[in-house]
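Please open the model in your viewer and follow the selections below in order, keeping in mind that this is a predicted model.

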Amino acid sequence: MAESTKRTTAAVTGTASLDDAAAAAGAPPQRGSGPGGTDPLIGDLRRGGLLPLLVLHLCAKGPTYGNQLMERIAHLTAGTVAVNPNTMYPLLRALEGRGMIVGEWEHPERRSRRFYRITAQGERERERLALEVGPRLDAISHGIQRIQAELRA
């Protein structure tokens with residue numbers, strides 16, 4: 001490698017984000033460094049339908065809106081699943097588009113908060129996802145209990 005390329009690479013690595021530095025080096029970016037991103041415990045659940053399940057579950061409890069859903073999910077999961085608006089609002093639009101939830105503006109004339117409630121179709125999907133995600137949750141719970149027991153021994 002030429003000396004000028006080495007200096008450039010060193011400068012970029014020192015100032016660029018890790019993703020930018022990895023891309024410059026030809027490596028794939030490191031995605032999902034936040035809660036649940038590439039974490040093998042939570043990441044698999046997220047890919048397996050955990051977020052839609054949680055949204056449908058919380059909408060089944062009563063009308064709720066996007067920010068409230070993000071707060072409830074963070075609280076319910078003790079912060080292990082963080083959901084940002086760039087994830088939540090597209091998910092809500094997708095669920096609404098598929099007829100799983102129905103949204104209504106709190107004040108339709110000025111588009112304030114949009115409250116969502118589950119539909120009959122959404123309830124069926126919630127039940128399906130619960131059956132699909134449940135065994136994964138059980139396996140993770142069992143694994144964590146075993147780790148805790150081992151560390152206490």
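**Starting at arginine 126**

Select arginine 126 and display its surroundings: leaving aside neighbours within four places in sequence, arginine 126 is in contact with Leu53, Leu56, His57 and Ile118. The arginine itself belongs to helix 7, which covers residues 120–152, and its side chain is joined to that of glutamate 123 by a polar contact of 2.7 Å.

**On to helices 4 and 6**

Next, select helix 4 (residues 50–60) together with helix 6 (residues 85–97), whose axes come within 11 Å and cross at roughly 70 degrees. Since angles of 65 to 115 degrees count as roughly perpendicular, the two helices are therefore described as roughly perpendicular to each other. Showing side chains here, you will find that helix 4 contributes Leu51, Pro52, Val55 and Leu56 to the contact, while helix 6 contributes Thr87, Met88, Leu91, Leu92 and Leu95. Sorted by class, this contact has 8 nonpolar residues, 1 polar residue and no charged residues.

**Into the core**

Which residues touch the most other members of the largest nonpolar core? Select Val55, Ile73 and Met88, which hold that position among the 26 residues of the core. Two or more residues each come from helix 3 (40–47), helix 4, helix 5 (66–76), helix 6, strand 2 (114–118) and helix 7, and helix 4 gives the most, with 8 residues.

Finally, centre the view on methionine 88, which, not counting residues up to four places away in sequence, touches Val55, Gly66, Leu69, Met70, Ile73 and Val83.

Notes:
Residues are numbered from 1 along each chain as its sequence is written. This is a predicted model: local features need pLDDT of at least 70, side-chain atom pairs count only at pLDDT 80 or more; totals for chains, interfaces and linings use all residues. Side-chain values use heavy atoms; hydrogens and water are left out. Helices (H or I, at least four residues) and strands (E, at least two) are DSSP runs, numbered from the N terminus. A polar contact is a pair of N or O atoms within 3.5 Å; within protein, one must be able to donate a hydrogen and the other to accept it, and residues adjacent in sequence count only if both atoms are side-chain atoms. Contact means heavy atoms within 4.5 Å. Axes are lines fitted to C-alpha atoms, for helices over the stretch in contact, and angles run from 0 to 180 degrees between N-to-C directions. Angles under 35 degrees count as roughly parallel, over 145 as roughly antiparallel, 65 to 115 as roughly perpendicular and the rest as oblique. Ala, Val, Leu, Ile, Met, Phe, Trp, Tyr, Cys and Pro count as nonpolar, Asp, Glu, Lys and Arg as charged, and the others, Gly among them, as polar. A nonpolar core is a set of buried Ala, Val, Leu, Ile, Met, Phe, Trp, Tyr and Cys residues joined through side-chain atoms within 4.5 Å. Buried means under 20% relative accessible area, exposed over 50%, partly exposed in between (1.4 Å probe, protein chains only).
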